[in-house]
Amino acid sequence: MTGPNSPSRACSSAAKIGRHGRSKSTSSYCLRSSSGAESASPGDSTNNSARSPPVEEEEKDGGVLFYDRTGFPIDGLTWDRMWSHVAKVHPDGHEMVDGIRNAAYLSKHPVPSVPNFKPSMSVPDWLVAIQNYMKTLQYNHTGTQFFEIRKTRPLCGLMETAREMIRESLPIKCLEAVILGIYLTNGLTSLERFPISFKTQFSGHCFHHVVLGGVWNGRYGSLGMSRRPDLMNKPLTHRTLGDLVAEFESSYKRYQHTLKKVKIGLYVPHDPHVFQPIEWKYLVLNVAKLGEEEMRKELEKHGRDMRMKILKSSTAQSPIKERSRGKSLSPRRRQSSPQRQCGHRRDKSPVTVDRKPPGLSTLSDGYQIRI
């Protein structure tokens, strides 16, 4: 969960800078060391809002102040910017930063092992193992997001980023956790995954958060990362999608946050090599305008529509975007005509319709004589 005044935003910038002139173990050690005092509640994070620059809505998930866009090793500018930000928000300030950066020796941080799925494991047990692995990586409080996640990027490219997260084993934020969760559940075809995004308001400031929703055996749950334990993973025990969202809303109320918007995506394909991007916000619900009952109906309808599309489609796990709330496509756009389908063929040769094979002569009774 994030916002302009959240501690996670304040700490994210430090994470972005740790790439230049440092070993991977050193940079990740510094990140973990600087994150100890950053787990304040959403309501306690209002002090840093004035310093946070505006960001695009697509980049708000996780409340990130800075991004590392140059890859590893981290360049000097990003590294210095991260530590400068950490010195401003950490209780010990420059004393803590100088103690780490000027240390003669820093021990290597332990690299957690990736969980291995066993045939004897159930799907809920596997999700628990994945969530424990994410917790071992820890939440990124440095203000800098190490792994750039562009939501318009094809799924195959995002899966490469997930492999990089495993290699580097650095702290992650909520958006990175969604991509990592997709990667680690690709083999579970009985589990359908989809993104759930939240926009909340507290003390006049907006916060954004995203988790990976999942449905298995008719029950809904989630995976994710957050500074709050009740705002990330949920067990696969919720009967409907509306029940799952209501559980998150109840968790937000514990921190005096008001839920403003909910965005539900479509099922993510299990094939990691597909070139299509993830559909992040197929359904957008304005909680302030919809009543509780109306919102529950919309969520249940969306969940039912996703299940029906999966049952009808045997070639893809993720359906193509067909509608937005309150809008519908015309029949012509929903189902293209045969002439239109032919126009989109990759083979540009002219279409042949019922041509008889050359060299065949047809008799009146239907028999053919080869000449």
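## Overall composition

Of the contacts in the protein with a separation of 6 or more, 71% are accounted for by residues 24 or more positions apart. The model is a predicted one, and its secondary structure comes to 12 helices and 10 strands. Of the 371 residues in the protein, 49% are buried.

## Confidence in the model

The average pLDDT of the protein is 74, and 64% of the residues score at least 70. Two stretches call for separate mention. Over residues 311–324 the pLDDT stays under 50, and for this stretch the model has 29 contacts beyond four places in sequence. Over residues 326–350 the pLDDT is likewise below 50, and this stretch has eight contacts in the model beyond near neighbours in sequence.

## The six-stranded sheet

An open sheet is formed by six strands, which follow one another in the order S6-S5-S4-S3-S7-S8 with antiparallel pairing. The edges are taken by strand S6 (234–238) and strand S8 (283–286), each of which has a single partner strand, so one side of each is left without a neighbour in the sheet. When direction is ignored, neighbouring strands of this sheet are turned by 25° against each other on average. As a general point, the side chains in a regular strand alternate between the two faces of the sheet.

## Strands S3 and S4

S3 is mostly covered, with nine of its 11 residues buried. In S4, nine of the 12 residues are buried, so this strand is largely enclosed by the rest of the structure. S3 and S4 run antiparallel and are joined by 11 bridges; along this pairing Phe194 stands opposite Gly213 in S4, while Thr200 stands opposite Phe207 in S4. The hairpin of S3 and S4 has two residues between the strands, and in this hairpin Ser203 takes a positive phi near 50°.

S3 also pairs with S7 in the antiparallel sense, over six bridges, and here Ser197 stands opposite Lys263 in S7.

## The pairing of S4 with S5

S4 and S5 pair in the antiparallel sense over five bridges, and the bridge partner of Trp216 in S5 is Arg219. These two strands form a hairpin with two residues between them, and Asn217 in the turn has a positive phi of about 55°.

## Helices H7 and H8

Helix H7 (residues 155–168) and helix H8 (residues 174–184) have axes that come within 9 Å and cross at roughly 100°, and the two helices are therefore roughly perpendicular to each other. On the H7 side, the residues in this contact are Leu155, Leu158, Met159, Ala162, Arg163, Met165 and Ile166, which meet Glu176, Ile179, Leu180, Ile182, Tyr183 and Leu184 in H8. Sorted by class, the contact of H7 with H8 has 11 nonpolar, no polar and two charged residues.

## Helices H4 and H5

Helix H4 (residues 76–89) packs with helix H5 (residues 93–101) at an angle of about 140°, their axes being 8 Å apart, and H4 and H5 are therefore oblique to each other. In this contact Trp79, Asp80, Trp83, Val86 and Ala87 of H4 meet Gly93, His94, Met96, Val97, Ile100 and Arg101 of H5. By class, the contact of H4 with H5 has seven nonpolar, two polar and two charged residues.

How values were computed: Residues numbered from 1 in each chain as written. Predicted model: local features only at pLDDT ≥ 70, side-chain atom pairs only at ≥ 80, totals over all residues. Heavy atoms only, no water. Axes fitted to C-alpha atoms, helices over the stretch in contact; angles between N-to-C directions. Helix = DSSP H or I, 4+ residues; strand = E, 2+ residues; numbered from the N terminus. Parallel < 35°, antiparallel > 145°, perpendicular 65-115°, else oblique. Contact = heavy atoms within 4.5 Å. Nonpolar A, V, L, I, M, F, W, Y, C, P; charged D, E, K, R; others polar. Pairing = 2+ DSSP bridges. pLDDT = per-residue confidence, 0-100. Buried < 20%, exposed > 50% of the residue type's maximum accessible area, 1.4 Å probe, protein only.
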